[in-house]
Amino acid sequence: MTVVGTRMVRKEDPRLLTGEGRYVDDLVIPGARWLGMVRSPFAHARIGSIDASEALARPGVEAVLTGADLRDHWAAPMPCAWPVTEDMRNPEHFPVALDKACYAGDIVAVVVGESRTAVADALDTVVVDYDPLPAVVDLQDAVSDRVVIHDALGTNTSYKWELIPDADAVERAFAEATHVVSERYVQQRLIPAAMEPRGVAVVPQPHGGEATVYSSTQIPHILKVMLAATTGTPEHKLRVIAPSVGGGFGSKLDVYAEELIALAVAKQLGVPTRWTEGRTEGATATIQGRGQIQDIELAADADGKVTAVRVNLLADMGAYLQLVTPGIPLLGAFLYHGVYDIPAYSFTCTGVFTTMTPTDAYRGAGRPEATYAIERAMESLARAVGVGPDEIRRRNYIRADQFPYSSAPGLVFDSGDYEPSLDRALELIGYDDLRAEQAARRERGDTKELGIGISTYVEMCGLAPSRVLASLSYGAGGWESGAVRVLPTGTVQVVSGATPHGQGHETSWSMIVADKLGVDPDAIEVLHSDTAISPTGMDTYGSRSLSVGGTAIAMAADKVVDKARAIAAHQLEVSEDDLTFADGVFSVAGSPDKELAIQAIAFQAFTAHDLPDGMEPGLSSEVTWDPPNFTFPFGTHIAVVEVDTETGEVRLVDYAAVDDCGNQVNPLIVEGQVHGGIVQGVAQALWEGAVFDDDGTLRNPTLMDYLVPSPMEVPSFKLDHTTTPSPTNPLGVKGIGEAGTIGSAPAAVNAICDALSPYGIFDIEMPATPERVWQAVTAARASQEAAK
Amino acid sequence: VIPVAFDYVRAGSVDEALAALGEHGDDAKLLAGGHSLLPLMKLRLATPGVLVDIGRLSDLSYIRDAGDHVAIGGLTRHRALETSDLLAEQVPLLAHAAGQVGDPQVRHRGTIGGSIAHGDPASDLPAVLLALRATVVARGTGGDREIPIDDLFTGFLETALEPTEILAEIRVPKVPGAGWSFQKFNRRAQDWAIVGVACVRNGTTGIGLVNMGSTPVRAAAAEEALAGGASATDAAERADEGTEPTADLNASEEYRRHLAKVLVRRALEESGT
């Protein structure tokens with residue numbers, strides 16, 4: 001009996017779907033004081049006097065604390081763990097601004113009160129004397145230093161980072177090229193909009209026991225380290241718990257001002273504190289994703305074989321560097337050649353400050369941006385060469401026999417076979433029929449054009465080999481820990497260093513261990529997300545949990561079986577080599593009476609009455625695993641859109657995705673990740689985008705105006721997969737959490753441009769709103785008229 | 001997320017509600033389904049001192065055959081309109097459009113009276129009732145008065161209703177067999193229309209526009225053109241005449257004018273002659 005590979009329904013779901021999940025805001029904490037954040041309404045302003053007298057006079061308000069009031073609590077500024085260059089400029093900033101607000105939403109004071117409502121009413125009565133300064137919302141404007149945001153830095157440029165293995169080769173390739181494609185793409189800012197807003201609660205422990213911190217975070221382990229470093233609280237006296245966490249998409253892979261403030265105020269007042277983000281508040285208070293201007297050039301020979309790619313990015317850091325803000329473009333920096341065998345490579349990136357919410361990781365983090373640029377540019381190349389979008393890709397794919405593939409920018413792709421995913425996706429979507437339908441519509445002058453968009457992607461995930469992270473100046477390792485213990489009565493506890501917030505770790509880890517130990521998955525409990533229960537871990541992001549954390553769990557289970565085998569051999573008085581282990585039972589060939597179940601062995605290990613000499617009691621094991629390489633999932637996505645050329649409306653009418661994440665532990669969970677990922681990527685293409693006005697005010701902070709799509713906006717997806725196991729880990733798995741998001745945005749925009757190609761429209765900025773499409777069509781019609 | 005503090009009065013009858021309105025005047029707001037008012041309060045854009053909850057007055061929830069028209073109680077939920085056999089037969093445009101309002105949660109809580117009394121130009125039902133030339137009944141302590149729908153909407157989120165009146169009933173002329181169309185152009189199914197068009201053709205043509213000005217408005221010039229014998233295509237070209245659409249994140253004024261023309265043409269084509 002094997003469980004791995006089956007569509008087991010998630011163990012988490014009955015709890016979550018019946019409202020029994022316990023999120024931070026659900027916690028009952030007697031005596032907790034509510035915190036409210038007074039936030040700057042200006043994107044850029046000097047902070048003058050703060051008059052809290054009216055707020056303090058209100059019922060239920062205990063304190064109003066300014067940046068100066070809290071300054072002594074900070075042992076260090078807000079942390080940035082990824083100084084990408086030695087000379088990177090990182091403006092010192094603290095949880096509560098001291099003299100200047102640098103984005104609309106920056107915290108300038110904290111109201112402490114006995115209830116959430118008391119605090120909400122008091123917030124409006126704190127009078128802050130602002131001296132507004134010019135906002136900086138345009139990346140080109142920012143890099144010009146017309147207005148310098150951080151006085152101490154003297155410039156808005158945070159860093160310049162480059163990856164040019166052989167500059168001469170790139171120059172030569174462009175000089176000798178038959179075709180050169182040169183494109184600019186804009187990655188608009190996105191608001192992560194996790195279903196559960198952020199929240200934090202801090203409960204001080206008596207007698208100098210310091211504090212327990214509950215946070216809606218992806219990274220309780222990293223948060224513990226950072227809380228200690230930034231507040232000077234001894235780390236051994238901090239316990240961080242991430243209870244039920246309702247999604248993150250990277251936005252909860254951060255150390256936030258509110259977490260530090262809640263701890264500082266709890267210490268100062270000696271009472272529990274809590275804060276829950278409002279949805280509109282979170283639109284600017286939580287990090288945003290993307291925010292790049294991408295210039296990409298391709299050099300190709302007469303057949304359309306790409307010989308070089310040259311990329312220059314301008315990346316929006318926002319007002320400050322958060323935990324891994326500067327590193328996000330680097331996560332894509334190695335992948336601008338995509339799935340193609342391109343020998344010459346040049347990548348440069350400039351990170352700039354603006355007076356907007358800080359950016360940071362958002363589902364895919366750097367890789368969706370890279371994939372978008374190369375997959376859009378390949379369309380331009382296909383047009384230049386005069387071949388179809390499928391053919392241009394076939395001519396350039398890294399071939400199956402080239403793996404492990406050493407890429408020009410210096411990675412080793414573990415395994416891959418790209419063309420079969422394209423073949424299968426074309427088959428699933430009915431490509432030839434769609435092309436015929438497209439031609440027929442054009443023939444009859446249909447106002448609704450059909451468009452088909454292809455995107456083949458590869459990503460690097462399984463973050464990550466610690467030594468590679470060191471070479472990128474990342475401030476931590478990429479290992480993960482896991483433990484397996486068989487309890488005296490035969491049931492099993494698994495302790496996970498990876499911390500789920502919607503991914504289904506409890507199910508997947510149970511399946512892996514069930515197979516390893518030969519026990520029922522329901523006899524396994526997965527413990528996680530509490531630093532007192534799971535003391536070590538590097539947490540969950542970057543599609544790393546299964547390939548790194550799941551591998552650690554599998555290895556720990558193997559070690560448990562090894563120990564059980566030694567005990568069985570000892571007690572059955574046979575050699576270990578004579579034992580076979582199946583379905584949880586050790587047996588001896590030819591001696592049917594000689595067998596011992598793993599549950600019985602666990603009890604023996606507990607009593608320790610009869611163990612081999614020198615063996616420690618107990619049947620448990622812990623493994624910390626540092627992978628030797630990234631993993632490289634890939635796949636092909638095809639979007640089909642209908643574009644109403646009268647109104648500009650774009651409807652996604654069909655979608656096929658063929659993903660390869662190596663071996664699948666649970667195809668149901670894989671499909672769920674792909675479904676959500678596709679919608680999130682198509683959302684960037686069609687609906688979402690943070691809109692700031694020239695004053696730096698976010699114009700769409702509510703879910704009425706920021707258009708997160710619902711199931712009503714998308715068709716059912718046609719999914720399939722290929723299976724190319726990863727040699728990087730013993731499970732042969734690669735990761736699937738971000739794949740859908742990475743593959744889908746370029747597929748959708750390629751489809752729109754395919755639909756509008758008769759109009760000579762080959763690019764449309766994301767999100768492709770109806771008005772944008774209508775304007776493009778209107779302008780194209782006008783110029784076609786003029787040409788006649 | 002947290003509204004400003006307010007007092008709450010639950011009315012046990014229409015008379016109780018009217019009495020509460022009389023007592024508190026401008027400071028009071030009626031609470032029916034709450035799907036327009038409560039979001040505004042949570043954003044602190046509306047700060048009424050007193051909420052008079054009429055949500056449980058079941059005697060204001062009905063859909064009745066009243067001879068030449070259908071009488072609809074002000075507290076009738078969108079879901080009831082959507083699933084009404086009487087409306088499906090006599091005023092299918094209204095039943096259909098009610099099914100396009102918001103999402104299922106909104107339709108199960110929101111009421112037709114609340115939607116009309118809110119006077120939001122982006123709401124679907126005001127435009128539908130304009131097309132249908134409905135009449136609303138306002139009830140006050142002095143009795144009932146009828147207000148033709150064309151006289152109801154007086155400004156942005158303002159109506160001819162007095163602060164002391166309840167929108168008790170909507171009277172919708174029966175139009176069995178009439179051609180009709182409802183064109184709702186939005187980016188997500190649950191959103192308000194960027195522009196919407198309600199059209200009914202029954203000898204004469206009524207066209208109501210969603211989100212084409214500060215109030216729900218009629219496409220008067222297009223209606224006039226059709227009455228004068230213009231083709232659907234020619235009449236649709238005048239769809240935006242006399243309107244003053246606003247610009248927002250979803251659409252510029254120019255784009256709204258364009259959409260109105262396209263959607264009115266489509267509505268007329270779908271309605272038939």
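This briefing covers helix contacts, cavities and backbone features of the structure above.

The structure is a predicted model, in which local features need pLDDT of at least 70, side-chain atom pairs count only at pLDDT 80 or more, and totals for chains, interfaces and linings use all residues. Residues are numbered from 1 along each chain as its sequence is written, chains are lettered from A and ligands numbered from 1 in the order in which they are written, and side-chain values use heavy atoms, with hydrogens and water left out.

**Helix contacts within chain A**

- Helix α16 (residues 505–517) and helix α17 (residues 545–572) of chain A have axes that come within 9 Å and cross at roughly 30°, where axes are lines fitted to C-alpha atoms, for helices over the stretch in contact, and angles run from 0 to 180 degrees between N-to-C directions.
- Helices here are DSSP runs of H or I with at least four residues, and strands are runs of E with at least two, numbered from the N terminus.
- α16(A) and α17(A) are therefore roughly parallel to each other, given that angles under 35 degrees count as roughly parallel, over 145 as roughly antiparallel, 65 to 115 as roughly perpendicular and the rest as oblique.
- The crossing of α16(A) and α17(A) is right-handed, a crossing being right-handed if the near helix is turned clockwise from the far one by less than a right angle, and left-handed if anticlockwise.
- Among the residues of α16(A) in this contact (heavy atoms within 4.5 Å) are A:Trp509, A:Ile512 and A:Val513, and those of α17(A) include A:Gly549, A:Gly550 and A:Ile553.
- By class, the contact of α16(A) with α17(A) has 10 nonpolar, 4 polar and 2 charged residues, with Ala, Val, Leu, Ile, Met, Phe, Trp, Tyr, Cys and Pro counted as nonpolar, Asp, Glu, Lys and Arg as charged, and the others, Gly among them, as polar.
- The axes of helix α7 (residues 220–231) and helix α8 (residues 257–269) of chain A come within 11 Å and cross at roughly 55°, which makes α7(A) oblique to α8(A).

- The axes of α21(A) and of helix α12 (residues 253–271) of chain B come within 11 Å and cross at roughly 80°, which makes α21(A) roughly perpendicular to α12(B).
- In this contact A:Pro770, A:Glu771 and A:Trp774 of α21(A) meet B:Glu254, B:Tyr255 and B:His258 of α12(B), and the residues divide into 3 nonpolar, 1 polar and 2 charged.

**Cavities**

- The whole structure holds 4 cavities of 30 Å³ or more, a cavity being a set of points, on a 1 Å grid over the protein atoms alone, where a 1.4 Å probe fits but cannot get out, with lining residues having an atom within 4 Å of a point.
- The largest cavity has a volume of about 180 Å³, that is, the space filled by probe spheres set on grid points joined across faces, edges and corners.
- The largest cavity is lined by 21 residues, and A:Ile191, A:Ala193, A:Ala194, A:Arg279 and A:Gly282 lie nearest its centre.

**Backbone features**

- Most residues other than glycine have a negative phi, and most peptide bonds are trans.
- A cis peptide bond joins A:Phe403 and A:Pro404, with omega about -5°, and A:Pro404 sits in the loop between α12 (389–394) and β16 (405–406) of chain A.
- Another cis peptide bond joins A:Met766 and A:Pro767, with omega about -10°.
- A:Ser543, in the loop between β21 (524–528) and α17 of chain A, has a positive phi near 50°.

Technical notes
On a 1 Å grid over the protein atoms alone, a cavity is a set of points where a 1.4 Å probe fits but cannot get out, and a pocket is an open set with protein on both sides within 12 Å along at least five of seven lines; lining residues have an atom within 4 Å of a point.
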